[in-house]
Amino acid sequence: MRQLDPKIAASRKLDIICFNLQYSSDGGYETHAQTLDAMRAMGFPVVSYQRYDRIEDCVQRIEWLGEHRDELPFDMDGAVIKINRLSQREALGSTAKAPRWAVAFKYPPEKKESRVLDIVVQVGRTGVLTPKVIVEPVRLAGTTVSAATLHNQDNIDRLDLRIGDTVLLQKAGEIIPEVLSVNKDKRPEGTVPFTLPDVCPECGSPVVRDPDGAALRCTSPECPAQRLRNIAHFASREAMDIEGLGLSVCESLVNAGLVKTPADLYYLEAEKVAALDRLGDKSAQKLLAAIDKSREAGLARLLCAFGIRQVGQKAAKTLAAHYPDLDALMAAEAEELTRIPDIGGITAGFLREWFLKPQSQHQIRLLREAGVDFSSHEEKKDERFAGLTFVLTGALQRFTRDEASALIESFGGKASSSVSKKTSYVVAGENAGSKLTKAQSLGIPVLSEDEFADMLR
């Protein structure tokens, strides 16, 4: 659904099935069943329901659904028993985590066997080698599965997984295919243990194991696999935000030899870009204009675009708020960096390590020559919220969530998504739910939207 072009979303034949009426301005409903029947009468597709007077009948229905869920016209992984009468729901209320008038039953994930056809190794943007198992296609939890990640060599060794084996598959969280075990009784003769290569499958450079983990990494900064993903990440929305420069266009530019480093983007010529597949004069001009605009993106986006380990959007904004430009940040020692809130020793170490690499210094020099702005655009009005953590809940009328979070951070505070004992304030809008309840139970001050706005003045 998350497409800029609505025609793409329309082509995907999306559908909906409703299971609850959250709010009605008219009211007048006494039971949950009445709300579902009303929605069905309005033309909404509504999930089927059954009403029972005995809990034993509910349990039998749940067991029946578990046995027949493959026959339903939609995927499901559980069933819910709810109190039907709405007045009783209101009387029962909710805890900080769940309503007292409903209980959910989750079915065990579906598991199926398939045969391993191959094990392939992919190289990611950060140079990590990730093994992936290719299996005979099998229908699992609503989709056809033909591959699953194996994560690393340690996991392969733990499973003792080999090409030709029969494996048991399931979807972790009903989404991501994973290998649970190997059926060694079905192992054919002549199989051999699988070992990740000592050299990168993309460029042939040596690989090394992370000293603090199980990952194997390619040591070459010029690795073609890393090059493509690094450029795509550099242009991505959370980084330099170059509109129109998605993975497919990046791939075309790299394959045509027009781009080898992110800095090459700023020297592209319109006629050469227009000659690429699926592009033309108009698209080329728009792309070059977006690339030119990104020169002024500022330090926070540039830091995120570098792809330094553990330096994403949030850490990049934090760093850009403490340093006026890239040169000042590069001059900072690790000990100084760790004094910045939310920047720990590991992140500081990754920053120093990245800045000291000759290839990183070369990339920075090229970007500087291309006219990329290294200064910080992060503005702090004052530090009135320094050391304070805010949680936003409910529907805000005067701000969007992103706007409110940005204001909190601009005053030196922190916007969090969960309530804890460390939370300083909860800002509650309309229809605030479990976060408000938890804040009240912990004695955390709760602000209305107007009270929050007064603190910003």
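Which side chain meets that of Glu-113 in a salt bridge? The tour of this predicted model opens with that pair.

**Stop 1: a salt bridge across the chain**

Select Glu-113 and Lys-186 and display their side chains: the two form a salt bridge, with an N to O distance of 2.7 Å. Glu-113 lies in strand S3, residues 112-123. Lys-186 belongs to the loop that runs between strand S7 (176-183) and strand S8 (207-209). The pair thus links distant parts of the chain, 73 residues apart. In total, the count of salt bridges comes to 21.

**Stop 2: helices H10 and H11**

Next, select residues 299-306, helix H10, together with residues 313-322, helix H11. The two axes come within 8 Å and cross at roughly 135 degrees. An angle over 145 degrees would count as roughly antiparallel; H10 and H11 are therefore oblique to each other. The crossing of H10 past H11 is right-handed. To view the contact, show Leu-299, Ala-300, Leu-303 and Cys-304 on H10, which meet Gln-313, Ala-316, Lys-317, Leu-319 and Ala-320 on H11. By class, the residues of this contact are 7 nonpolar, 1 polar and 1 charged.

**Stop 3: helices H14 and H15**

Move on to helix H14, residues 345-356, and helix H15, residues 358-369. Their axes are 5 Å apart, and the helices pack at an angle of about 75 degrees, which makes H14 roughly perpendicular to H15. On the H14 side, select Trp-354, Phe-355 and Leu-356; on the H15 side, Pro-358, Ser-360, Gln-361, Gln-363 and Ile-364 complete the contact. Here the division is 5 nonpolar and 3 polar residues, with no charged residues.

**Stop 4: an open sheet and its helix**

Finally, colour the strands S11, S10, S12 and S13, which in that order form an open sheet of 4 strands with parallel pairing. Strand S11 (414-416) and strand S13 (446-447) stand at the edges; each has a single partner strand, so one side of each is left without a neighbour in the sheet. Then select strand S12, residues 425-428, which runs parallel to S13 and is joined to S13 by 2 bridges. Within this pairing, Val-427 has Leu-447 of S13 as its bridge partner.

Terms used. Residues numbered from 1 in each chain as written. Predicted model: local features only at pLDDT ≥ 70, side-chain atom pairs only at ≥ 80, totals over all residues. Heavy atoms only, no water. Pairing = 2+ DSSP bridges. Axes fitted to C-alpha atoms, helices over the stretch in contact; angles between N-to-C directions. Parallel < 35°, antiparallel > 145°, perpendicular 65-115°, else oblique. Left-handed = near helix turned anticlockwise from the far one by under 90°. Contact = heavy atoms within 4.5 Å. Nonpolar A, V, L, I, M, F, W, Y, C, P; charged D, E, K, R; others polar. Salt bridge = Lys/Arg side-chain N within 4 Å of Asp/Glu carboxyl O.
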